Amino acid sequence: MRKRVLALLLSVLMVIGLMPSAVFAATNDPHQNQVHVIIENTTFTPDMEGWSEDFPQDVFIDEWITLNEDSTMMSCIVEAAGEDNIEGAENNYISRIYGLGEFDGGPMSGWMGTLNDWFVNEGFCGFTVENGKLSAGDEIRVMYTVNGYGEDLGGFWGDYNTALKAIEFSEGTLDTEFDAETLNYVLTVPANTEEIKVTPTAANKNFQVFTKVNSVVYKRTQMVPIVNGTEIVVSVGEGESMNGTADPTFYTFTVQKEGSQPVDPNPNPNPNPNPDPNPQVEIPAELSELNATVLANYDTTKTYLSNLTTTNNATVNSIGGEWWIIDLARSETTPANAAFYQNYYATVEQYVSANINADQRLHKSKATDNERVILALTAIGKNPRNVAGHNLLQGLNSMKYLKKQGINGVIWALIAFDSHNYDIPANTSNPSDTVTREKLIDHILSVQTPERGWTLSGKKADPDMTGMAIQALAPYYNERADVKEAVDAALNKMSELVNDRGGLSSYGTENSESVSQIVVALTALGINPLTDTRFIKNGHSIMETYDRFYVEGGGFKHILNGSRDGMATEQAFYALASYSRLLNGKTSLYNMSDVQIS
């Protein structure tokens with residue numbers, strides 16, 4: 001049984017993540033068409049029971065292996081170690097290298113491996129040159145684990161920490177010592193520096209790490225070209241993982257060359273801070289036709305999501321869970337399975353009972369777990385203040401806790417509290433840390449970027465986060481002048497980002513979810529996204545996204561050349577539900593004052 005567990009860790013079926021598509025940098029490493037293979041044992045040492053003087057220690061293989069069209073991650077490891085020195089490779093499972101085998105170091109010991117410092121989520125033979133998962137510049141590291149099936153190597157199962165543990169640069173110094181909770185830095189380098197190597201290490205190596213400049217991804221073995229002002233973005237948790245979906249964390253390192261003038265992050269700030277919030281225009285005939293097409297696609301997807309309830313139950317999850325519940329409830333769709341909501345609530349009760357802590361939190365650092373469930377329960381008329389005897393609102397009573405997740409935790413706390421005008425519980429253990437609506441609003445305003453939008457990290461406005469921030473601020477748009485000014489400026493910036501097809505991009509990739517967040521934001525403000533001239537470019541409205549990205553039979557794609565996608569479908573559908581509610585004079589998506597709480 002233990003052997004099967006280890007085998008699973010090396011060869012589990014791949015779980016596809018929702019990483020934005022990115023262009024990978026061509027290798028500029030001197031080892032052309034090669035991968036770097038390292039084999040090491042740093043965990044099983046001579047002072048431990050069962051040790052043999054014949055066992056290898058430390059780094060005992062460090063080779064560059066030339067790729068060919070048949071190369072796999074496993075074949076490169078075998079070539080580096082020598083076929084006679086490795087056992088089990090023919091079965092896609094390494095049982096022994098240089099005499100050191102599984103269970104020699106204890107019941108959880110054996111060989112595991114990373115690709116570019118990520119514990120892979122399928123067998124080594126699954127990463128090939130042919131399928132594009134192995135390419136020049138990759139770093140393969142095979143390591144012996146003694147405890148925790150890889151925990152002693154930095155891979156933690158069931159943990160959702162997407163922070164960086166450390167980062168190294170071949171040149172330069174940071175303006176402040178690196179800390180996992182600090183997301184923005186200035187990297188000062190010598191004036192003549194033209195490229196640097198970036199070596200990040202995730203706190204949990206079960207999550208992938210990407211180093212990007214303008215959406216171009218650079219590997220750990222590659223040099224990153226830089227100029228003054230280059231923004232190096234390091235993300236953790238964007239790609240695949242066996243731990244399931246987690247909110248990614250983004251770190252931005254802005255290059256400052258010695259002797260250069262600081263780069264102006266906002267050379268043309270907000271030229272029109274107070275645009276008309278709801279321009280009145282005559283709807284052209286082609287937009288009337290588009291409106292009919294969009295609503296037809298909405299109806300078909302409504303049927304698709306309703307019928308799906310007969311074969312699937314909603315779980316407590318960011319996909320196939322709370323947003324699916326919100327989709328159906330806020331579109332006023334009756335699930336084909338009459339027990340669908342009842343089954344979901346029973347699942348929530350079980351999940352809460354098993355996972356909630358003494359502070360009434362479902363996760364030690366992700367406030368969005370509480371917030372997402374609060375919204376789903378409110379949408380179906382269930383009381384989030386009494387779920388299996390627990391108050392999910394109580395878990396959101398600390399500003400310090402909400403900020404652990406960055407702007408996400410704060411935005412969705414405000415949306416959750418305002419969804420049914422819930423009172424915010426006091427923080428009796430630390431009154432100065434008590435959450436108020438004013439504190440939440442002020443914090444959201446304080447982190448608006450120089451471009452006058454919002455982002456998880458860095459200075460560039462991101463449509464997804466900007467849309468979410470506007471959704472949270474929408475109820476206060478007509479009450480606070482500072483909110484109105486910030487929202488108007490953000491809409492202005494989003495208008496600039498709309499492309500000639502009426503689309504929006506996030507991290508360099510045009511996708512449907514970015515449009516969906518802006519559509520929800522506009523409808524929350526009472527603005528029709530079909531007719532607002534700021535969101536019509538070259539004769540194309542952003543609502544064309546729900547025609548271009550639509551999948552026959554119901555559902556929507558993440559990227560235009562993709563296939564039906566769960567997250568894209570859920571977000572597109574609740575955006576269209578909010579649009580439909582606007583057209584029919586109903587409350588917006590997250591204004592659930594129309595719902596009676598039992």
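I started at Ile 38, which stands opposite Arg 141 in strand E9. This is a predicted model, where local features need pLDDT of at least 70, side-chain atom pairs count only at pLDDT 80 or more, and totals for chains, interfaces and linings use all residues. Residues are numbered from 1 along each chain as its sequence is written, and side-chain values use heavy atoms, with hydrogens and water left out.

**Strand E9.** I looked up its partners (two strands pair if DSSP finds at least two bridges between them). Strand E2 (residues 34-41) runs parallel to E9 over 5 bridges. Strand E7 (residues 110-115) pairs with E9 in the antiparallel sense over 6 bridges. There, Leu 115 has Ile 140 as its bridge partner. Helices (H or I, at least four residues) and strands (E, at least two) are DSSP runs, numbered from the N terminus.

I then checked burial (buried means under 20% relative accessible area, 1.4 Å probe, protein chains only). In E9 (residues 139-145), 7 of 7 residues are buried. One side holds Glu 139, Arg 141, Met 143 and Thr 145; the other holds Ile 140, Val 142 and Tyr 144.

**Confidence.** I read the pLDDT, the predictor's confidence in each residue, from 0 to 100. The chain mean is 88, and 90% of residues reach 70 or more. Over residues 1-29 the pLDDT is below 50.

Terms used. Contact means heavy atoms within 4.5 Å. Buried means under 20% relative accessible area, exposed over 50%, partly exposed in between (1.4 Å probe, protein chains only).
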